[in-house]
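I opened this notebook to record what I looked up on cavities and helix packing. The entries follow the order of my work.

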Amino acid sequence: MVAREEHERFELRQHVTSTAMSEVWRARDRVTGRDVALKLIAVTTNADRDRFVREHVLLAGITHPGIVGYVAHGTTERGDAWLAMEWVEGETLQARLAQRELTVIESVRLVAAIAHALGVAHARGIVHRDVKPGNVMLTEHGPKLLDFGIARHGLGDRVTATGALIGTPGYMAPEQARGELVIDARADVFALGCVLYRCLAHRPAFPGDAIVNVLVDLAAGRYEPLDRVRPGLPGPLLALVARMLDRDPARRPLDAREVAAALDALEPALPRHELPLATAVLGEDEQRLVSVVLASITRAASRRAVVAALRPLGVEPEWLSDHVLVTLRGTSTATDLAARAARCALVLQAVLPESPIAIATGRAVFAASTLLGEARDRAEALLRDTRGATVAIDDATAGLLDARFEVAKHEAGLELRAMRDVARPDEGRALGTRLPFAGRERELAMIDATLDECIEARVARVVLVTGPPGVGKSRLAAELVMRVEARGDVAVVPARADSVGRRSAWQLAARIARRVLGIDAAQDVTAQRERIAEWAARAMPEPDRARTATFLAELVGARIPDDAGDALLAAARQDPMRMGDQLRRAFQDLLAASCDRGPLMLVLEDLHWADLPSIRLLDGALRALAERPVLVLGLARPEVHEQFPALWAERGASQLRLGELGRRTCERLARSVLGDDAPAALVARVVERCAGNALFLEEILRRVAQQPGEDALPESVLAMLQVRLESLSGPARRLARAASVFGRDAPLAGVIALLGTTDPIDDALRELVEHEVLEQRGTGFARDRELSFRHELVREAAYDMLTDEDRSLGHRLAAAWLERSGAHDATLLAEHLQRGSEPTLAIVWLERAGEQALEGGDFEGAVEHARRALALGAAERVGSIAMIEVEALAWSGRFAELHDAARAVMSGAPPGSPLWSRAASALLFAGSALPIARAAEIIGQIITAELPDDARSVQVRAHAIAAIVLYRAGQIAIADPILARLARIDDPERDPGTLAWIELVRVYRARFGDGDPAAARAHAERAARHAERAGDAGALGLARIDVAYSSLGLGLVDEALDAARLAVDAGETHGAGFLVAYARGVLGLALARRGRLAEARAELEGCIVRADAAGDGVNQGFARNLLATVALAEGDAQRARRLADEALAAPIPPTTRAYAAATASSAALACGDVDAACNLADDAWRSLALTGAPEIAHGVIARARITALVARGDHDAARAALTEARARLATRAARIDDPHWRAAFDALPEHAWLSSDDVA
């Protein structure tokens, strides 16, 4: 019975904990139906009674979500006290810190919440006196402060005599440690400071096992300053902790309310991207390959008979109520495991003739002597589905059994029936050497010849070697590198993409850059920047030196601080597209400078895991270095062609497909290991099982050498690799598992962090190297050394041995180590965090990964990263993350998906704000994909929004694109005020990206408002120069297209061709589908003007295919109209009419519609439909009068109208139209000052026709 008066209220359910004077139980409150924490307290003295009364009085007087709630109190029949408090689910802060450490922001937020709760107690004059991690419970609703058992009210409640020790050593204030009577809220402030120090420093402020020593340090206020233990913390935070831990209470904050206010003020300035530091390490448990036999047993079955039957096989069964379980594992081969399991099953069948039996092979975890994993699960499933006394067998086991075992297949699955006797073959001879290089002489000679061509002809070449895993690609590369390095006249730069973080923007490019610069990723960031600066000073001309060094540092992850005062870098960091262009330029500078010193060979392995930005970057570099001695040797699995269709096809890449090794080559290699006197049957069996795969051959020969005999040959290479790992020592296996978390390449210091050991690992590492599991690069300290698995399949086998818990923990630990080491690969960090079940932190890095993908033009990757982040619940960052998706959809031309994504962003941002402006720009950029009403609404909001003098570039861009849309629609009067607003902030000192967009607006004013192609061309050239300086890919692409279009309007066809090709190249490099389609359309028009109709047709058809696939209505109509003009030139009027009609049906701007109507008129006339031709020509002329038209179309429209009128016999109207057209032509021509441009303008076919006397 619990209480005298309420003995029926509480029901004890579970004992929680005990001390010398109290017990805590989990109990059910019958009144409320809720669980409570029931504290039973032994009362033997008046002091005990007073302490009890104090606790319940204090608790009953406080109501706060951060303080455990009071329920009731009373005394038991024996006179002991009891106190009921709310039951709190969660874990203590002490338990949490034992599992993982907290980030700075987590620490501050947690202690601030505790301070707010404690502040309520302090406001009532209550001092807790035992604030510590063990008294803070972490719940799903926030922290709760527990145990007011030694709390006191004010200064008059002096229950404890002077000198008594009240509190917990290590968290009590110096005045408590000295036993002083006067204890106030500032003692809790000190304790709270100790908690905050513990969270931030990842160690106590007053550590030690000897209580006496701790108390001495406490009394003296002696502790290690926080900035020494945890460098880099914000100064205000360090100052607050120092005040809270001051020895003198007078210098501390007055109470927890002051602490809470100070922490709340600090929180906004704290780092958001930091990862938690874990104190846990990878465990000893591992998943191992096992074969399981499971049989049903009846009561009549004799356990003794089962044990006796299995004993000759060296097996001890496990009894599971109505089942018997046999588990087989060890260092034997996978085939041996399966064979032993099959024999055990057949033996059990003889002893248990009426029982169903099942066999399965797979991975399993052994924990506390209990078998867990897929093998047992599969065996149980087979047994449930088995009917009758048969031996059911899974596919994995059946595939590992040889011909001695009879396996039958029927509708229900596979059944093991019997085992035959097979004669033992002759034994082989164990040698154990690595295979010599053989069978690839032809491929090696071809690559050698290509390298010679690069050097002699000074040209860039690409060789792409593909083949399945293990076929020998890496061995071919290693042999080639060895030979080339021996020549001494070629700089060899090896690099490899990695499967972990394979969507990381710039991953491969950064590795190449580090190799060229001689930088180790493990080096201190400052040292890396110094090395880059030294290289730039030596290799780059002075004007480009600082820029190149800055963005190379950004590429390799040695980021320059934001406060460095670099305006170009600051602008690029605000615009991912601009950053991408600067990184490309710096990378090309790096390779060009390297080529200046001599021939260069890049050897790039595992390209199937490369990132798209790096692939495009290399493509652009090859284009730029076409006349330099560069050889790029890429090695990849065949799926690289699915990942990157037509990889480097435009660079003339030579394709080498590595097939299987020939049978004779395999025999020769086998005998080089087994010896010339090895039995022919053994060699034949080895050759048959390796199937021409070099890795498989090497692994099989290693197993044969270790366990001579044909039966030792493994059937499954993955199973074989895992069994091979299982033969290693425990420390070696654990090290391999830890390394596998990082990927094929692993930093040794990071591996050690996962292992969490201070013990030497040299023996384990040496064992892995000797067994050719790992290779080691670098010497000296662990931070300077890197491990690499010999093959990805070996890494996969090691990774598969991790338990689910260790796999998740390992990725969390890897992420924490990488972040502490200064890693900036956002995709890699996000992948580790997501695999490590840290979704909140994964969101932060997925957002950065999306920005990096935008920088690299990997728009598909940007969308993927953004959607992954949003799917994880990125509530606080939804606007900025969704904006990444919006911009990626816009640049890639996926306008059908863009509308909803942009609308979601704009609905959550104030009109005119930077975020709203970015989304508005993207929507307006989509042109016709945006409903007219919505476009008008957005433009209206832009017009009414203020454009401050210090407007950010994204706000300027929104205004600029709105004005361009209006000019293209012929809305000159509405667009002009926007241009005037932009002109007000047109200052040469502004960001060049802003200046580029302002110039682009002037281009469209000149084109559609003034009909002045010369002015449009001049503004477009200025916009291109500004955009190139700023690294703004979008503005640069548009400017180059406008240079081309304006050049065509002037008759400068060759210049238009050059500008259009530059625009296409820029768009292709950046992956901007909309710009590529637009640029190809203009290029097609220029080719047609030059009379190269077949080439023009190919470009325009390609533009249409791209636009149709993206749902890009603007370019769908634009390209069809131009293709119709080509068809007319080729004499195919019917096709021209159909294409022109399709163009008019597309959602094109009014100005383009005028051009298309003129084309349709000419096509209709050529088909003999005079009335249609006249109607269409009239429509075109009216549009020209109302909205203007592209400069190239003025003469075309006039000629179509006049020709149609003449065909109808309306000569007076034709003469009037001619007079008007000539007046317009003269006005436009008068604006062209350059005589060369004027002559070209006059010579345009439609202009010459209008000016001809014959027409008059």
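Predicted model: local features only at pLDDT ≥ 70, side-chain atom pairs only at ≥ 80, totals over all residues.

Entry 1, cavities. On a 1 Å grid over the protein atoms alone, I took a cavity to be a set of points where a 1.4 Å probe fits but cannot get out; its lining residues have an atom within 4 Å of a point. A volume is the space filled by probe spheres set on the points, which are joined across faces, edges and corners. My search of the whole structure gave 6 cavities of 30 Å³ or more.

Residues are numbered from 1 along each chain as its sequence is written, and side-chain values use heavy atoms, with hydrogens and water left out.

I recorded a volume of about 100 Å³ for the second largest cavity. Its lining includes Glu887, Trp891, Arg918, Phe925 and Trp997. I found that H37 (914-925) gives the largest share of this lining, 4 residues. Helices are DSSP runs (H or I, at least four residues), numbered from the N terminus.

I looked up H32 (residues 826-835) and H33 (residues 839-855), which pack at an angle of about 150 degrees with axes 8 Å apart. That makes H32 roughly antiparallel to H33 (angles over 145 degrees count so). Axes are lines fitted to C-alpha atoms, for helices over the stretch in contact, and angles run from 0 to 180 degrees between N-to-C directions. Contact means heavy atoms within 4.5 Å. Among the residues that meet are Leu829 and Leu833 in H32 and Trp845 and Leu846 in H33.

Note on methods. Helix = DSSP H or I, 4+ residues; strand = E, 2+ residues; numbered from the N terminus. Parallel < 35°, antiparallel > 145°, perpendicular 65-115°, else oblique. 1 Å grid on protein atoms, 1.4 Å probe; cavity = no way out; pocket = protein on both sides within 12 Å on 5 of 7 lines; lining within 4 Å.
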